[in-house]
Structure formats: C-alpha cells, structure tokens
Amino acid sequence: MNKNDLRVKKTLKLLSDSLKELMCEKPFEKITVVDICEHAMVHRATFYAHFDDKYHLLRFVLSDLEFPLEKDDITAHDFDGYKKFYLDAAYEILTILSKNQKLYKTASIKNREESVLMSIRATISAKICEKLEQCSKSGIKLPAPPEIISRFCGGGAMNVIEWWIVNDMPIPPENIIEYIGNLLPDFD
C-alpha cells in the first residue's frame, strides 16, 4: 500500500471523516466497523486493508493533532525554551480545536469513554516523551525521567483541553496558554 497514492489518500480521508462524523452522533464504543464503512461507502475489505480495527483508525485520526510537536528540534532549546516549545505547540492545538469547535465539542461530550480519552492522552504523552528522550540522549539534564514528565504534561493538558471544549471554550486560546505557562515550573 503506497500512502502517496491518491486512491489510498482518498480512502483514508473518507474513513477518517466518517469516524469523526459518527463520533458526533454517538459514542465511539457504539460505532462499528460496519457503521464506518457504510458511512464512508467503502467495503469492509478496504477498511481492513488499511486498519486493524476501529481503534487503529482512531489512532490514525488522532495523529492529525500531533503535527505541532514535530515542528521544531527540542534539543536546540535550553529548558526555558522547552517550556516555550510546548506552550507554542499547545497554542497550535487549541487553535485547531477552536476552528473545529462544534466537531470536537460534540465528539468530546458523546465520547467520554476511557478508550477515547486514553488514546488521546497516550498520543500526546508519547510525542512529548519522544522529544524529551531526544534531549536526554543529547546530554541535556532533565528534572525527571522523560516518561514521568510526558505523563504529567500530557495528562494535565488533556484535562484542561477537555474542560475548555466542553465549556464552550470560554477563554481565548492565548489566555489558556498564559495560564498553563504560569502553572509550569521554571527549571534551572
């Protein structure tokens, strides 16, 4: 399967969009592969040619939110730079969410099952951990092991983001980022 093939890209987009739309209608746990395929007008065999199951598709859909953490080389920063790096990435994520407020709010409210929340947390934590491991390997001393820092930051960010979405984004993204920045400790 060539992911650069236009047919493959179209199929992946159809399946991703279908899952997102279905998650606005009902909880993720009640969505079946058959539902996704019917909504996308794609055969089940085509679905399984690309994904193992609906959880695999969910991880693929969530990967769209990972790009802000890929934009920069974290090892080029001092520790204050790391704080700015993550705040910039968080701002980009909040901006994306605010542009698609209806979709994310509906999906968040209807999909409070732990599997969805755990997938989102795991995605964010894994990317943060990957970046921190790059720092550690380059000789930069971290205040705690990368796994601990990434779980702490990922979990905290998810709780704030979930609250923000469910409550109709009552605070502008810039202010949320300022508050998160105020709460993060400065590392010397």
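User: What makes the 19 residues here a nonpolar core, and which of them touch the most other members?

Analyst: A nonpolar core is a set of buried Ala, Val, Leu, Ile, Met, Phe, Trp, Tyr and Cys residues joined through side-chain atoms within 4.5 Å. In the largest one, with 19 residues, L15, L19, I36, F47 and L57 touch the most other members. At least two residues each come from α1 (6-25), α2 (33-40) and α4 (54-62), and α1 gives the most, six. Helices here are DSSP runs (H or I, at least four residues), numbered from the N terminus. Bear in mind that this is a predicted model: local features need pLDDT of at least 70, side-chain atom pairs count only at pLDDT 80 or more, and totals for chains, interfaces and linings use all residues. Residues are numbered from 1 along each chain as its sequence is written, and side-chain values use heavy atoms, with hydrogens and water left out.

User: Why is S16 called buried?

Analyst: Buried means under 20% relative accessible area (exposed is over 50%, partly exposed in between; 1.4 Å probe, protein chains only). S16 has 6% relative accessibility, so it counts as buried. S16 sits in helix α1 and, leaving out residues up to four places away in sequence, touches L57, F60 and V61 (contact: heavy atoms within 4.5 Å).

User: How do you know that the buried residues of α4 are on the same side?

Analyst: Those residues are K54, L57, L58, V61 and L62. They cover an arc of only 140° around the axis, so they end up on the same side of α4. The arc is taken from the directions from the helix axis to the C-beta atoms.
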